[in-house]
Number of protein chains: 8
Amino acid sequence: MKTMDDRILALLTGVAGGTVSPEDAFEELKDIPFLDLEHTKIDIHRQIRKGIQEVIFGEGKTFEQICDIVGSMRAKEIDVLATRIDPDKGKRLAGAFPEGSYEEKARCFTIKKDMSVRGKGLILVISAGTSDIPVAEEAYVVSSFFGNETEKLYDVGVAGIHRLFHNLDLLKKARVVIVAAGMEGALPSIVAGIVGVPVIAVPTSIGYGASLGGLSALLAMLNSCSTVATFNIDNGFGAAYFATLINRL
Amino acid sequence: MKTMDDRILALLTGVAGGTVSPEDAFEELKDIPFLDLEHTKIDIHRQIRKGIQEVIFGEGKTFEQICDIVGSMRAKEIDVLATRIDPDKGKRLAGAFPEGSYEEKARCFTIKKDMSVRGKGLILVISAGTSDIPVAEEAYVVSSFFGNETEKLYDVGVAGIHRLFHNLDLLKKARVVIVAAGMEGALPSIVAGIVGVPVIAVPTSIGYGASLGGLSALLAMLNSCSTVATFNIDNGFGAAYFATLINRL
Amino acid sequence: MKTMDDRILALLTGVAGGTVSPEDAFEELKDIPFLDLEHTKIDIHRQIRKGIQEVIFGEGKTFEQICDIVGSMRAKEIDVLATRIDPDKGKRLAGAFPEGSYEEKARCFTIKKDMSVRGKGLILVISAGTSDIPVAEEAYVVSSFFGNETEKLYDVGVAGIHRLFHNLDLLKKARVVIVAAGMEGALPSIVAGIVGVPVIAVPTSIGYGASLGGLSALLAMLNSCSTVATFNIDNGFGAAYFATLINRL
Amino acid sequence: MKTMDDRILALLTGVAGGTVSPEDAFEELKDIPFLDLEHTKIDIHRQIRKGIQEVIFGEGKTFEQICDIVGSMRAKEIDVLATRIDPDKGKRLAGAFPEGSYEEKARCFTIKKDMSVRGKGLILVISAGTSDIPVAEEAYVVSSFFGNETEKLYDVGVAGIHRLFHNLDLLKKARVVIVAAGMEGALPSIVAGIVGVPVIAVPTSIGYGASLGGLSALLAMLNSCSTVATFNIDNGFGAAYFATLINRL
Amino acid sequence: MKTMDDRILALLTGVAGGTVSPEDAFEELKDIPFLDLEHTKIDIHRQIRKGIQEVIFGEGKTFEQICDIVGSMRAKEIDVLATRIDPDKGKRLAGAFPEGSYEEKARCFTIKKDMSVRGKGLILVISAGTSDIPVAEEAYVVSSFFGNETEKLYDVGVAGIHRLFHNLDLLKKARVVIVAAGMEGALPSIVAGIVGVPVIAVPTSIGYGASLGGLSALLAMLNSCSTVATFNIDNGFGAAYFATLINRL
Amino acid sequence: MKTMDDRILALLTGVAGGTVSPEDAFEELKDIPFLDLEHTKIDIHRQIRKGIQEVIFGEGKTFEQICDIVGSMRAKEIDVLATRIDPDKGKRLAGAFPEGSYEEKARCFTIKKDMSVRGKGLILVISAGTSDIPVAEEAYVVSSFFGNETEKLYDVGVAGIHRLFHNLDLLKKARVVIVAAGMEGALPSIVAGIVGVPVIAVPTSIGYGASLGGLSALLAMLNSCSTVATFNIDNGFGAAYFATLINRL
Amino acid sequence: MKTMDDRILALLTGVAGGTVSPEDAFEELKDIPFLDLEHTKIDIHRQIRKGIQEVIFGEGKTFEQICDIVGSMRAKEIDVLATRIDPDKGKRLAGAFPEGSYEEKARCFTIKKDMSVRGKGLILVISAGTSDIPVAEEAYVVSSFFGNETEKLYDVGVAGIHRLFHNLDLLKKARVVIVAAGMEGALPSIVAGIVGVPVIAVPTSIGYGASLGGLSALLAMLNSCSTVATFNIDNGFGAAYFATLINRL
Amino acid sequence: MKTMDDRILALLTGVAGGTVSPEDAFEELKDIPFLDLEHTKIDIHRQIRKGIQEVIFGEGKTFEQICDIVGSMRAKEIDVLATRIDPDKGKRLAGAFPEGSYEEKARCFTIKKDMSVRGKGLILVISAGTSDIPVAEEAYVVSSFFGNETEKLYDVGVAGIHRLFHNLDLLKKARVVIVAAGMEGALPSIVAGIVGVPVIAVPTSIGYGASLGGLSALLAMLNSCSTVATFNIDNGFGAAYFATLINRL
């Protein structure tokens with residue numbers, strides 16, 4: 001993408017040279033620095049600004065709305081990632097778009113044609129317990145979709161911490177680590193105490209009573225003495241998106 | 001202590017046999033099942049009921065009040081344990097009662113003559129960080145005062161968990177383990193995942209911001225997937241008192 | 001179980017004596033102190049480390065998943081305890097495994113062949129009100145399953161505290177007491193003011209409005225001036241598990 | 001006090017009869033139903049409306065402001081009750097108004113000439129612990145000031161509940177009971193389970209950590225299964241004021 | 001009811017006179033001061049201790065359980081009040097016990113034969129809005145059931161406060177006032193600023209968003225500068241029960 | 001409306017002149033200053049006092065109740081606005097009152113005959129995201145109903161803030177701006193940093209986990225460094241009502 | 001201020017006509033749409049954008065910092081309003097800038113030369129209690145400073161609501177009303193139920209215990225059934241700023 | 001660092017070849033995988049494991065303790081970074097270690113000899129307001145200390161968002177961006193909506209009332225729809241530490 005300065009200077013030079021009328025230049029300039037983005041669809045804009053394409057957040061959208069968006073994206077040959085798709089909608093989407101596939105555990109629907117690997121290293125997704133796997137799976141699918149080599153290591157929580165230590169080799173291969181944990185949310189602290197790369201903590205809503213729907217795990221992660229980056233409860237997508245930004249550096 | 005049933009039956013037999021007048025028996029019976037306790041001072045009562053003597057909670061008491069209580073306990077040759085004594089009061093107490101000693105880190109003043117060991121095994125007091133030591137020290141002093149063999153293991157928190165694993169031998173010797181931790185409060189979960197004896201978790205008010213004065217650590221412990229018993233924030237006394245009850249079984 | 005040190009030294013002596021090749025010893029040592037656990041199934045590991053076998057937490061698992069786990073445990077002749085099993089799944093489990101039985105009030109499914117009593121004394125489970133009974137029942141079933149002599153005393157809450165005092169004899173026989181209470185959560189404090197053994201408090205989610213789903217009872221227990229050990233809301237399992245650890249000492 | 005209807009009708013009859021001019025009646029009527037109150041000082045108004053005189057809430061007022069109010073009340077020969085007066089101001093007030101007296105524990109300054117007893121029965125003020133006494137004392141002084149026979153029963157909390165049962169006679173004499181309790185706030189529930197008269201619960205800010213400045217005790221009281229009326233944390237004044245309203249019925 | 005002292009003394013005199021054997025007296029005395037209560041059913045006990053009979057809290061009980069309790073109470077000719085009965089159960093109860101009636105708005109089922117008025121004055125039940133009426137109706141039905149003359153004044157909240165002032169006459173006739181209010185919970189403060197009798201405030205769960213399920217109204221009432229007694233959210237029963245205790249003084 | 005003083009004086013002059021009897025004047029005066037309002041129906045009263053007619057809050061009302069209210073309002077030829085009407089009730093209302101219309105997105109039912117524009121300028125309703133649109137639509141419909149020229153600008157949240165800046169012209173035309181936003185609730189701050197007119201912020205319950213049902217957005221708005229007026233979560237009605245009050249000045 | 005479009009078009013015409021070089025136009029355009037603002041000091045910018053000048057928030061600034069800012073503003077002959085200035089700094093400021101004055105109750109320092117009235121009507125500032133006056137005074141001083149006719153009405157809270165009704169005339173003269181209230185925060189609802197103009201509610205931190213530092217009052221205001229606009233706790237400045245925006249419409 | 005597997009195999013080969021005795025190997029192996037770390041001082045360990053040296057958290061440490069740690073680190077020629085050092089201690093440290101320097105705004109003391117740049121790109125530290133600068137400065141000093149090229153951009157918050165847009169060039173040069181913001185915490189969302197690199201959000205405790213000591217800003221960041229990584233309130237250190245981990249990738 002040309003920088004904005006380049007574009008403005010070129011335009012002005014055109015006006016000075018008579019090849020562009022003041023009125024046309026006015027139209028062009030009026031929206032700078034945002035015109036670039038508005039000439040095109042939203043998803044393309046984000047691609048330019050953030051380097052990552054638009055994603056469909058499925059929660060609260062009807063099947064019809066999601067179909068429309070997927071259809072118009074496919075018409076432009078853009079790959080599709082839709083998160084928070086419940087099984088019923090997921091199966092109907094897979095029926096409507098046979099080139100795509102639905103991952104039930106991750107609740108994601110994807111149509112992926114561009115198989116280029118764009119992340120520089122391995123993103124490792126860890127879950128503390130079995131119940132945290134759906135959040136971890138969302139992170140796994142999102143990370144893979146964005147072109148990262150991604151591996152998973154599930155059910156290695158602190159109640160049997162030897163399971164984690166048994167996998168030190170895998171831990172040490174990762175360039176970025178995502179850890180999903182509910183209950184007391186202690187695992188990210190342990191992992192960040194071991195590895196030398198960024199650890200991203202995702203609290204999950206797993207638990208009952210004083211887990212407060214995941215707030216206890218969230219608070220534990222924010223207070224980690226091992227320095228981890230924290231995301232919202234169950235936000236596997238956000239963690240993988242952020243890991244992708246890091247992994248492309 | 002005779003059971004209450006024994007006492008009532010004996011009393012009634014006395015009345016039936018004419019050795020006790022109905023009026024005297026009435027006075028005696030009126031307060032059952034509480035008369036036993038009220039014949040004596042409060043501290044002796046607790047000794048009988050709970051097997052553990054009365055303790056002075058120093059917070060919110062003046063130096064003069066504490067002196068009075070200590071004095072009247074010593075007059076009865078009862079050992080003294082006063083917690084939450086700030087350094088100024090502590091030094092004045094040590095001056096007023098030279099047979100006693102003040103532990104500044106633990107903020108405890110003690111006069112201890114009865115050196116018998118009454119706990120059956122070792123109570124191990126662990127702190128996650130250096131800042132949690134005052135709470136751990138309170139537990140240590142209280143546990144020792146109540147006649148338990150007590151050891152400490154400090155600064156073995158999850159940011160460098162190898163420090164804990166390096167002390168597995170000590171961990172495995174304990175009959176009861178107390179773990180004081182602030183911040184994310186993760187250490188009790190780790191310890192309880194390793195040892196086979198009861199682990200008592202004490203959240204500390206160490207931290208800032210989202211530590212919410214220790215609430216985050218408290219919540220983490222309540223949600224522990226390793227099953228620990230949780231006490232109030234900074235309540236080193238309660239943890240040691242409860243460990244004593246266990247260790248006498 | 002041999003200690004880990006014994007095992008390592010034996011292995012090294014084998015290598016020095018030529019009876020074990022360095023490569024084989026390497027494989028063996030690589031996982032120590034965790035190899036022991038990984039050669040075998042998870043449940044056996046916990047048996048070794050904690051002295052208490054693995055338990056199935058039913059919440060969030062499908063009937064099929066639970067069946068698989070129960071089946072593989074039975075194939076190894078391990079007793080089965082599954083908690084948080086709703087009536088529908090419970091009945092289907094009882095159908096699939098006729099040797100087991102489902103306790104609807106406790107929401108537990110058990111297959112218990114080992115009838116040896118391993119706890120040293122009586123565990124007494126108390127409920128404050130009728131509505132707290134499901135949590136108390138979970139504790140009762142879990143405590144019994146782990147080989148403790150267990151009795152129950154229900155509906156003796158503080159609105160009619162004479163009901164508790166009428167049962168002082170039973171109270172005084174217990175080696176460990178578990179008290180489940182919702183609403184204002186006051187009963188554990190009363191009980192711990194009477195008995196001389198460890199009292200474990202379990203807040204329940206019973207109540208409405210300012211009960212905040214059990215948080216009010218939880219806070220009351222954490223602030224008890226009678227020193228009780230507190231567990232998460234509705235965590236009858238945890239209380240009984242912890243009581244078992246104590247009762248085996 | 002004549003009812004408002006009586007007054008309006010009398011006024012209108014006066015206008016009809018020519019003894020009152022429309023303009024004068026207008027001035028009188030303009031403020032009805034509030035004129036009665038505004039012709040006079042605020043404190044007299046409350047005396048009429050509520051039957052209880054105005055009280056000075058000392059917190060946040062300067063010594064000079066309090067002096068002014070006390071002076072103007074005394075000029076009208078109104079008795080004075082000022083609450084939340086710290087010792088320094090209290091002593092200066094006692095110096096400025098020698099007819100009054102300052103109660104340090106209750107933090108109240110009073111000038112009381114009207115010694116008539118206006119409450120019909122005994123108000124009993126109970127404190128759970130020694131630290132709750134200042135709140136209980138505020139209730140005691142306020143209750144006495146408003147002309148109620150008032151007694152106190154302190155330090156009978158649930159950690160040694162036999163102390164309460166030893167005083168059943170006193171409990172049963174009361175027409176209204178006020179119970180101040182911090183920590184787990186359980187005592188009001190116990191008392192209300194025993195007596196047949198209204199029990200007013202006052203949580204105190206006594207405690208630390210999870211006591212949340214008295215919120216835990218407050219929540220416990222609101223959830224009491226014994227039906228108690230709850231007031232704000234440390235609001236001994238409000239409890240005694242409300243008990244006075246009851247005791248005058 | 002004879003006092004406990006009378007009973008004990010009579011018993012002992014009987015033993016001294018040989019008319020009562022020590023063993024029989026022992027049985028009798030063992031449970032004092034609680035035997036009185038335990039010889040009889042729970043509901044009769046409360047009648048003696050509190051002067052108010054047992055009530056059935058319907059929430060969380062099955063139709064069969066409620067039927068059993070109602071049946072056994074009717075067998076003893078005790079009047080029945082069951083609260084928190086949903087319409088389905090209510091209609092079935094009315095079918096099973098044709099002598100009773102179900103109030104759908106109040107969600108109460110009652111069988112009432114004793115029509116004596118035992119409260120000394122009028123209890124007035126006020127609701128702030130139309131949506132608060134179910135809570136007010138519960139208070140109304142409970143108050144009436146306990147033998148109080150009871151009136152209602154609904155929908156007079158602060159958004160149109162003239163509606164309240166229009167009913168000052170009714171307000172001034174009441175001996176006790178109950179005010180149910182959701183949203184900002186301001187009405188009890190207004191009412192208590194006007195009347196000279198005890199005002200009991202019941203927050204309701206009416207509202208959305210920042211009403212936090214009634215917590216906002218609850219907090220407002222606890223902070224009332226007009227001194228009101230506060231009960232748990234939606235606890236119309238507790239308010240009427242407490243008003244009854246006052247109204248019988 | 002004549003002022004109250006005028007009315008009272010006129011009445012008194014009538015009495016003095018014999019044209020009004022004291023008894024009639026008494027009836028009239030008894031309710032002043034509220035009689036004016038009570039002579040008429042509630043909705044008309046509000047019209048006089050606030051200049052805005054009564055509105056039907058549909059939540060918690062049955063279809064029959066709403067029908068009754070709508071019917072009686074139409075009988076008086078008053079326009080109708082009913083909010084929080086779910087689609088099922090909305091369609092039935094539209095069937096029962098064919099002159100009205102139901103807006104599903106806004107969940108509002110309206111019968112509007114008075115088409116006069118009474119607001120002085122444009123009210124602009126902005127939504128941060130697509131999911132916030134229902135709340136924004138409620139504000140839009142209410143604002144239009146009350147006679148304000150109203151426009152909408154949706155989906156211009158901070159994740160792509162260029163979308164907002166692209167609409168600066170529209171922003172600058174508004175006399176009052178309403179901004180509905182969930183999640184982090186940042187958009188009102190941005191808007192208020194740009195425009196010079198009052199900005200009304202409405203947090204929405206959109207989000208998950210740490211959004212706490214809209215509390216996070218609410219808190220953000222209350223802390224805005226751009227000075228915005230904040231309303232309850234999802235309270236699109238309140239925002240439009242308040243904007244109407246401003247726009248009529 | 002010329003619109004941005006005018007400025008861009010003029011610039012381009014200059015380039016087309018050769019009177020402006022492309023490079024100069026580039027510099028000018030680079031910052032559009034923000035250059036306008038950056039040519040000038042921040043305070044002047046806000047004056048243009050919002051129509052209200054920059055204000056100094058004194059909290060957390062040193063005396064020297066505040067002096068610098070005041071000095072540089074005076075050098076440009078801009079009027080000065082500094083809020084949250086404690087008495088010590090206030091007096092020193094008044095010494096350093098004798099043309100200014102310090103209002104201790106409002107904690108504001110002002111230098112005001114422009115005495116033109118720019119608000120169209122009266123802004124009325126109401127306080128519920130005496131303790132809320134500092135917040136009300138901040139609002140009063142700020143409102144006056146911004147050129148609004150402003151009056152005050154203090155100590156008319158709901159415990160004696162007749163005081164408010166006695167001032168209906170003043171209430172009805174206001175174009176905007178600001179109400180500061182702590183404790184239960186009920187007064188804004190009452191006021192908004194009476195007047196037909198916008199009511200702005202400011203919770204204050206006045207209270208104790210369950211007032212939660214003003215949160216209870218804040219929640220009450222957000223839930224007001226009378227529709228008020230709510231600001232942050234103690235934010236008298238924000239309320240007056242917002243009232244000014246309204247009053248200039 | 002050699003991998004653990006290499007080390008174990010080498011050791012075993014030594015034993016097999018007789019160059020290492022079983023007993024010596026046992027000592028060596030006993031602590032694996034943690035022996036490596038324990039042979040050396042803690043700070044060196046972290047250097048190996050995380051690639052980042054130990055840092056001194058000054059809060060709660062005495063001047064003497066800090067001096068000891070600094071002294072022993074300097075004895076090993078390790079650079080020193082001590083955070084949360086108040087001005088008094090900071091000046092004394094600078095006196096005791098003249099080679100070091102104290103940054104008062106950042107509250108950091110540093111001794112830095114190793115000037116090599118180890119981060120690959122620019123870390124940009126942004127503050128929303130002037131009051132957020134101390135937290136931003138902590139991040140700035142820490143980031144610089146760890147060898148990152150670091151720049152700052154302060155006071156560009158959302159109340160005047162043009163200030164941010166005026167610095168787009170600087171924004172676009174950064175490889176990692178740290179944004180410190182208090183109040184409504186909106187700035188990180190804006191920044192992350194613009195740049196394509198990881199944005200790290202640090203809430204600050206700046207604000208009052210409903211800012212809840214920074215919790216409101218924290219919640220806003222966790223709910224950001226622009227995907228930012230969130231740290232604890234005021235945790236400038238953690239943000240810079242995490243940014244360093246990213247910038248070394």
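1. Let me start at the interface of chain E and chain D, where three residue pairs, both partners at pLDDT 80 or more, are in polar contact. No salt bridges are counted between chain E and chain D. Please keep in mind that this is a predicted model.

2. The elements of chain E that each give two or more residues to the side touching chain D are α4 (42–50), α9 (168–173), β8 (199–203), α11 (215–222), β9 (229–230) and α12 (236–247). Of these, α12(E) gives the most, with six residues. Sorted by class, this side of chain E has 21 nonpolar, eight polar and five charged residues.

3. On extent, the contact takes 34 residues from chain E and 33 residues from chain D. Together the two chains bury about 2800 Å², with 62% of that on carbon and sulfur atoms. Within chain E, the residues that lose the most area to chain D are L222(E), T227(E) and L249(E), which together make up 21% of what that side buries.

4. The symmetry of this pair deserves a point of its own. Chain E is superposed on chain D by a rotation of 180° with 0.0 Å of shift along the axis, at an RMSD of 0.1 Å. The two copies are therefore related as by a two-fold rotation axis. The same surface serves both copies, as 94% of the contact residues of chain E recur in chain D.

5. Now to chain F and chain G. Here 35 residues of chain F are in contact with 36 residues of chain G, and about 2900 Å² is buried between the chains, 62% of it on carbon and sulfur atoms. L222(F), T227(F) and L249(F) supply 21% of the area that chain F buries against chain G, more than any other three residues.

6. Polar pairing between chain F and chain G comes to three residue pairs in polar contact, both at pLDDT 80 or more, and zero salt bridges are found across this interface. Elements supplying at least two residues to the chain F side include α1 (4–16), α4 (42–50) and α12 (236–247) of chain F. The most come from α12(F), with five residues. By class, that side has 21 nonpolar, eight polar and six charged residues.

7. Finally, a look inside chain B. Strands β2 (residues 80–83) and β4 (residues 108–111) of chain B run antiparallel and are joined by three bridges; L81(B) stands opposite T110(B) in β4(B).

Technical notes:
Residues numbered from 1 in each chain as written. Chains lettered and ligands numbered in written order. Predicted model: local features only at pLDDT ≥ 70, side-chain atom pairs only at ≥ 80, totals over all residues. Heavy atoms only, no water. Least-squares fit on C-alpha atoms with pLDDT ≥ 70 in both. Contact = heavy atoms within 4.5 Å. Buried area = accessible area lost by both parts, 1.4 Å probe. Salt bridge = Lys/Arg side-chain N within 4 Å of Asp/Glu carboxyl O. Polar contact = N/O pair within 3.5 Å; in protein donor to acceptor, adjacent residues only side chain to side chain. Helix = DSSP H or I, 4+ residues; strand = E, 2+ residues; numbered from the N terminus. Nonpolar A, V, L, I, M, F, W, Y, C, P; charged D, E, K, R; others polar. Pairing = 2+ DSSP bridges.
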